Amino acid sequence: MTSVNDQVSASVAPNMVFQNFIGGRDCPASDGMALDVFSPVDGTLFARIASGTSQDIDEAVKAARMAFEGAWGKLTATERGRLLMKLATAVEAHADELALLESRDNGKPLRQSRADAIALARYFEFYGSAADKLHGDVIPYLNTHFIGVERVPHGVTGHIVPWNYPMQIFGRSVGAALAAGNATVVKPAEDASLTILRVSALAREVGFPDGALNVVTGLGRTAGAALAGHPGIDFLSFTGSPETGTAVQVAAAQNHVGVTLELGGKSAQVVFDDADLERALPTLVNAIIQNGGQTCSAGSRLLIQRGIFQDVVDAVSKRFRALRAGHPEHEPDLGPMINQAQQRRVLNYLERGRNEGLAIVGEGVVALDAPPGGYYVAPTFLAPVPHESILTQEEVFGPVLVATPFDDEADAIQLANGTQYGLAAGVWSRDAMRSTRVARSMRAGQVFVNCYGAGGGIELPFGGFGRSGHGREKGFEGLIEFTTTKTLVIAHG
Ligand code: TXE
């Protein structure tokens, strides 16, 4: 029997081009061009993907429209749900293969990739089982009329997915869209397309009608922009940077369609002087180290009450010094950054922090097993960092944590809410009244008390305020986003 390792090694090679998936078929780019994909693990050429064109996007939108008006659109909600459940089972059965593929393509530690694959299966299960529970309403109105409000899909939805959690973000957005009855066109990130292509092949195997799910790989500025601006798209979902989010929203506005934007954050964890530190410390560190800090909801700012500031800084520094960035298949604390541009971006932020005179108080290592060409960054903890610092205000998207002291509850709330972002927040205190008060004052889409990022969060509405974007994904709220209503007014007397 071939091992998962042999299987994945045989399926990916620098001379192999992974094709688009349009109308149930693997298709090369319309102009035959392909993009090189470099492995973040060692910087070598690792695979090639189709460099999708606007013509490919057009083909994919047409295929989706045909499915929506044809075989896919004719299924009942229960039948759609069953297909998603079958896909969930298939993803779970292939979790080891998907995890290894993701770790090689994206550089995530294997355990994180595996967790992503399991979360993807759970998204399909959650949305599959919700598909036929999406009820409409009846409105009491004139006695002579019956009013029904039906929940209907938008039609053809476009999904622009980033590279940091390809499987999870694909699952939360495409899973919900399909459950609601939309046909979908997906543009994965150029640095992490392979698991999404593999899952699309599994969708074909379990019986999804051709065209219900289409994937066009390639560059954001070509394939991504063509998808965002395509007049045949009825709704868009985007996760990525605020700058690209603006371009996607402008494109959506030109076509008068809605869009959900999830654009990252600068989330604070507030540690009061009565916090259970034994419980808090591992979570405070993990919240920034998970996925190398390339997590939209990373806990990238610590706000610590002044009386315990130095003690907590010392304890976090100690933990940082034990952290190891290394080869994703050797169980490191974190793998490499996704690409050289992201590695440079993080190092550049650290340089700017040094220029501001900030002190590094805890630094991990790049392990000896990290191949020299890979995009590794040592985890870095800086304290004290003023609230106005660039490192406190801007999303670094790397393993960089900053700590700022605060005096009292009002001060903590003001600092926590004092960036342009508003995605997540954490509060650590044994005082239930205080932690509830503070949590309710946070301008963030999710607030955790005495925990952070607990569970996979598949069932929990997620999204931001301000620069973190708008609209909600995950949970039942995420399903609603992929529908609109149709009101039927029926005269009967
Ligand atoms: O993002 P982009 P990048 C943040 C994070 C990171 C920064 C830059 O701070 O350091 O963004 O990352 C597609 N029209 N986040 O450059 O460009 C692109 O192909 C349509 C936070 O990778 O936003 C990819 O599929 N699409 C974040 C996706 O957009 C376009 C996750 C995201 O890429 C496009 C990732 C265009 N003109 C980065 N240009 C989070 N919220 O979790 C690019 N794309």
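1. In this predicted model, Trp 163 and Phe 397 are both buried. Their ring centres are 5.6 Å apart and their planes meet at 80°, so the pair counts as edge-to-face, a term that applies to planes over 60 degrees apart. Trp 163 belongs to the loop between strand S8 (156–160) and helix H7 (166–179), while Phe 397 belongs to the loop between helix H14 (390–393) and strand S19 (400–406); the pair therefore ties together parts that are 234 residues apart in sequence.

2. A second pair deserves attention. The ring centres of Phe 272 and Phe 406 lie 5.2 Å apart, with the planes at 80°, so this pair is edge-to-face. Phe 272 is found in the loop between strand S13 (267–271) and helix H11 (277–289), and Phe 406 is found in strand S19, so the pair ties together parts that are 134 residues apart in sequence. Phe 272 is buried, with a relative accessible area of 0%. Phe 406 also counts as buried, at 0% relative accessibility.

3. A pair of aromatic rings is described by two quantities, the distance of the centres and the angle of the planes. In this model the count comes to nine aromatic pairs. Elsewhere in the chain, Tyr 123, Phe 126 and Tyr 127 form one aromatic cluster.

4. Over the face of Phe 465 lies Arg 472, at 5.7 Å from the ring centre.

5. The next point concerns strand S13. Are the residues of S13 mostly covered or mostly uncovered? S13 is mostly covered, as five of its five residues are buried. Ser 267, Gln 269 and Val 271 point one way from S13, whereas Ala 268 and Val 270 point the other way; all are buried.

6. Gln 269 has Leu 302 as its bridge partner in S14. Between these strands the chain passes from S13 through H11 to S14, and this β-α-β crossover is right-handed.

7. S13 is also joined to strand S20 (residues 424–428), by four bridges, and S13 and S20 run parallel. In this pairing Val 271 stands opposite Trp 428 of S20.

Conventions: Residues numbered from 1 in each chain as written. Predicted model: local features only at pLDDT ≥ 70, side-chain atom pairs only at ≥ 80, totals over all residues. Heavy atoms only, no water. Phe/Tyr/Trp six-rings, centres within 6.5 Å; stacked < 30°, edge-to-face > 60°. Helix = DSSP H or I, 4+ residues; strand = E, 2+ residues; numbered from the N terminus. Buried < 20%, exposed > 50% of the residue type's maximum accessible area, 1.4 Å probe, protein only. Lys NZ or Arg CZ within 6 Å of the ring centre and 35° of its normal. Pairing = 2+ DSSP bridges. Right-handed = clockwise from strand over helix to strand, strands pointing away.
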